[in-house]
Amino acid sequence: MLRKKIFREIKGNFGQFFTIFAMIFLAIMAYSGINAFSDGLKYSSVEFYEENNLQDLWLYGENFTDDDLEKIRALDNVADVERYLSMSGSVDVNNSEGSETENIPAELNFLDKEDDKKNISTLYLREGEEYSRDKDGVWIGYYFAKARGIQVGDELTFYVEGYRFNEVVRGIVSTPDHVYTVSDPTVIFQDAADFGWAYLSMKEFPGEYLYDEILKEDDIVEYLDSADDIKKAVDTYSAMGVDIESIKKQLDIDEDVDLETALEKASLIKDGRADISDKAEFIKALDPDFDLDECLVYPNAIVDVAGTAPNPYVKSKELDEFESKLKSVKNELYELEDISVSAITGRDVWPSYASLKSESEEGDTYSGMFTFLFVFIAGLSVVTTMSRFVKKQRVQIGTLKALGFRNNRVTIHYIAYGFWVSVIAAILGLVIGGPLLGQPFLNMELSMFDLPGAHRCILSKNYILAAIIVIVITMITYMSIKSILKESAAQTLRLEVPHIKIKAKEGGKGISAKLPFSVKWNMRDILRSKSRSIMAIVGVMGSTLLIVMAFGMQDSLNHYLEWEFDKIQAYNYKLTLSENVSDDRLNELFDTYGDATSQTVAIEYRDSEGNIVTSSITVNDSDGYLRVSDHDTTTYDINDGIPDNTYGDINKAGALFATEKLLKENGYSLGDTIKWRIMGEDDWNETEIVAAYRDPQSQQFSMTRAAFEGLGEDYICDTIYTNEDLSNLTDADIDGVSTISSIESLKEQMNVMLEMISSMIILLITISAILGFIIIYNMGILALSEKMYQFATLKVLGFRFKKLAFIYTQQNLWLTIVGIILGLPLGYEFTDCMFKYAIGDNYDFFANIDLSAYLIAIIGTLIIMFVTSIALSRNLKKIDMVASLKANE
Amino acid sequence: MNKVSLRNVSKVYNVGEKEYRALDHVDLDIEEGKFVVILGPSGAGKSTLLNLIGGMDTPTEGEVIVNGENITGYSENKLSDFRAESVGFIFQFYNILPSLTVKENVELINEIVKNPLDATEALEDVGLSEHMYKFPNQLSGGEQQRVSIARAIAKNPALLLCDEPTGALDSQTGVMILKILKKQTTKERGNNTVIIVTHNALIADIADVVIRVKNGKIKSVEENEKPANIDEVQW
């Protein structure tokens, strides 16, 4: 019977129970939805990495030989090692319309020709056939193939250092080390169609490139230079009847040399008429033992450290042990004799791994912050609603007790209201959150990350939070009824005596005596109904805060774009130079585009705890095109230093500029000395930090050219900055330049990246705004229902609807204004927190909110309040005076 | 002169699919300056009658004429003005506003009536001048009912409508309240008409007119030639 009562009471108080339901449902749906995608990304990546054996270490050197590999494999904690040659190249593909051919940059990875298959970062086959060293052809990246409509069986033309070769697509693959690929580290967001990657056997490496490299060797060049003289000598000696072996002796040429062939082919080579077979025959003629395979170099190697890498997202003893194992392997590798390892990096600095990790961890901050807001606001609101509901049931509780129902039975009956409503809301939130929110977010992420088998994931923490919310709501219901149950049945049946703590001044001479009736009444009503008033303020505050966040984030992102792409990167075009550009060509480029340049130097430095950290120094000789920013985003030419934040001579040898965030996170400050070395060099520098600057998107070091050269290092620029109009040029149009990036395209890349972040947050904020609206509406209903009999009395006395609506709206307006005043600064703080913690470690954002955002928040919240008040005050028109007054009796 | 006239008035409530006829073709005239008691069992239609006269409800059919004006077709706002200017209500459970002091509850009338009585005078009239600055919850039931009366008479209404005004009070306090109400019908108070709805048949003895209601119909209207003195009534 009591069960029927529950259903009917819920039906009768549908509005209030629905708001409780909606708040719990939204809170859990948002939390589980965000976690479903962020945990989904984390666990899907962990699974993919494990199943396809992502490398633990990347090694860079001149050439890893068979012996080197054996030595590395022999190390205690190394399970396996593989070598390869990774080169920047390009590939001809159809444009998006399929009508023309475009040349697109591509990373080409030539695998060890001895390896029959890849065991580290194995190729996950999407289409086609498995990789084998015996197969010619290429295995191409899945997202690139998809974006460019490349099919298995297509023949593609590739270019490496100007050498062209054709390969048939044998397979389309994904790999754990290419979940996210960018053409160079300065690219923020790369459209899959604009950069490709491929694996192929070293056997496919363009031989002509190798022969041409050999032809550049000193002794060969020397031979070619003297070929004409040798030929003359041979001809002279031959005419004299001297046999060729004697001629060779005479000319001090090795007897194994096939001199006739060598001279014939040398002539073709010098005339530029030699093809690859001519070059091969020429070299073979000079050295019959020549083996092309011995010329192949493998400057890249990847290492699988023994044991499976533990889940990096869960702190554990195993993770710590694995980290120290990695550290010791790194040290052992550096100490290996006769192996030149110029640099070793781990997963954390590998762009694919780091980007995915950072992206999936962003969800933690969103979900944490939003859930905190949701649960806090919803929880407080539920407290008020449930306690009001139970109070309204006072006489019914007394009746049940008078009828002989035990306290336990009554308690169970009443907590059932909170329990069932929250259980149903929690279950629905958990079930719907994943598919409704998690999946679209995951899909958005998967447009960037090539992660096979990515799936949503609902971890136990979601169930725990849902259970906690149900328990809290049930406890709140219990606490609401507990005090009533303590009373006797007779006491309970009597109406509760209202407690008034307000004292009116004798003689009525207090300030309130002069106030209009509506002001007096509303002031006292607010004080009498403290919890409801606080709830209303919190609700409005939450709503304002969320509106400030929504618009503030957009403003802050726009400010960031302006800061980074107008103030810091103060150029129109950036030319990334190809490797090995000759000095002559470089001077031509300077003449055409100016000599504002920079060089990025990969370094390792020791943090304050002595750990080796990978980073980079931008050696800035850009004449103010690439600027440094102070804390407040004012930018300067590096040669001018940073006013108020420069300590010492910026041009002395090794004087470092460091970003503020890097200094803070590593426990360094201005004037400290940092130990660092250029990647691949053995010697450590110890130089002073002379300036701190701020960079919104990369935490690293900078240096003037004079300071860099003061260390005895050669400045070899890799980038030219210019304001020339290069809009009609493509990458291939300028010899010696690998990429032309316009500032507009960089902005566009960033916009694409930020759109994803924005859309996620805007979706969450929409949910939050709905929540805020529900809370304000709920508070309005509560206020109205509590005061209904008073309004009925006023109506009976002859108060018109407009006057009643004015009184009702006046109170709401006051509470709203207080809520807005609190919500505006909190909105700023939350936005700032979001930028500080939700964005990856490499970023240094801060909230920068325009006045318009605050105005929109104020006006928006007032509109919500007025719409809600007007909608609810309509009930005042419909007040059944008789029924309301009788109900009070 | 008739203060109140009802012509063929019916009030029908729809309860689910059923019709409940609270008043059934009622005709009634009440003269000015009379102390009228409406008697009848629960559900007879007493309160409905009072609510229609006071403009708190509208009839399903028929006409309600107060002070010579047919209020049946009044708009919501006009009914509010009518209640504000012409009618004082007193309820069993007082319905005074807990957030306002005693005096402020009476002064509330200043918001809607142009020339109300002075709140202090009205409170003195009901013997509450000592409690003017207290809040309602600091008063006894009888005192709260007197606040309600003071608020009603402060409007100086020609028509005072009381729904079980002594229902929640002890007999001694009830007598005090009835005396105050009766006083409103005197010439010095403006010859006001007081209509009381009650179960309590004893109150009928002090009335000028007793109207008995049953099943939504007027059973009888009796003029009391010699109304009893309130103090003489055995409660």
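In which sense do strand E2 (residues 78-94) of chain A and strand E9 (residues 300-305) of chain A pair, and over how many bridges?

## Basis of the model

This is a predicted model, in which local features need pLDDT of at least 70 and side-chain atom pairs count only at pLDDT 80 or more, while totals for chains, interfaces and linings use all residues. Residues are numbered from 1 along each chain as its sequence is written, and chains are lettered from A and ligands numbered from 1 in the order in which they are written.

The predictor assigns the complex an ipTM of 0.78 and a pTM of 0.72. For chain B the mean pLDDT (the predictor's confidence in each residue, from 0 to 100) is 87, with 99% of the residues at 70 or more.

## Strand E2 of chain A

The pairing of E2(A) with E9(A) is antiparallel and extends over 6 bridges, with Val81(A) standing opposite Val303(A). Strands here are DSSP runs of E with at least two residues, helices are runs of H or I with at least four, both numbered from the N terminus, and two strands pair if DSSP finds at least two bridges between them.

E2(A) also pairs in the antiparallel sense with strand E3 (residues 101-111) of chain A, over 11 bridges, and Ser86(A) has Asn109(A) as its bridge partner there. With strand E6 (residues 155-160) of chain A, E2(A) forms 3 bridges, again antiparallel, and Asp92(A) stands opposite Thr157(A).

## The mixed sheet of chain B

In chain B, 6 strands form an open sheet in the order E6-E7-E8-E3-E9-E10, and the pairing is mixed. Strand E6 (87-90) and strand E10 (217-223) of chain B stand at the edges with a single partner strand each, so one side of each is left without a neighbour in the sheet. Neighbouring strands of this sheet are turned by 15 degrees against each other on average, direction ignored; axes are lines fitted to C-alpha atoms, for helices over the stretch in contact, and angles between N-to-C directions run from 0 to 180 degrees.

Within this sheet, strand E3 (residues 35-39) and strand E8 (residues 193-198) of chain B are parallel and share 5 bridges, and Val37(B) is the bridge partner of Ile196(B). Helix H5 (residues 141-154) of chain B packs on the sheet, touching E6 and strand E7 (159-163) of chain B, and its direction makes about 175 degrees with that of E6(B); contact requires C-beta atoms, placed from the backbone, to lie within 7 Å.

## The antiparallel sheet of chain B

A further open sheet of chain B has 4 strands in the order E2-E1-E4-E5, with antiparallel pairing. Strand E2 (18-31) and strand E5 (69-70) of chain B are at the edges, each with a single partner strand, so one side of each has no neighbour in the sheet.

Strand E1 (residues 2-15) and strand E4 (residues 61-66) of chain B run antiparallel and are joined by 5 bridges, with Val66(B) as the bridge partner of Val4(B). Helix H1 (residues 46-53) of chain B lies across E1, E2 and E4 of chain B, at about 120 degrees to E1(B).

Leu79(B), Ser80(B), Arg83(B) and Ala84(B) are buried in helix H2 (residues 76-86) of chain B, where buried means 20 or more other C-beta atoms within 10 Å of the residue's own. These residues lie on the same side of H2(B) because they cover an arc of only 135 degrees around the axis, taken from the directions from the helix axis to the C-beta atoms.

Between the chains, 27 residues of chain B are in contact with 28 residues of chain A. H2(B) gives the largest share of the side of chain B that touches chain A, 6 residues.

Definitions and conventions
Buried ≥ 20, exposed ≤ 12 C-beta atoms within 10 Å, placed from the backbone. Contact = placed C-beta atoms within 7 Å.
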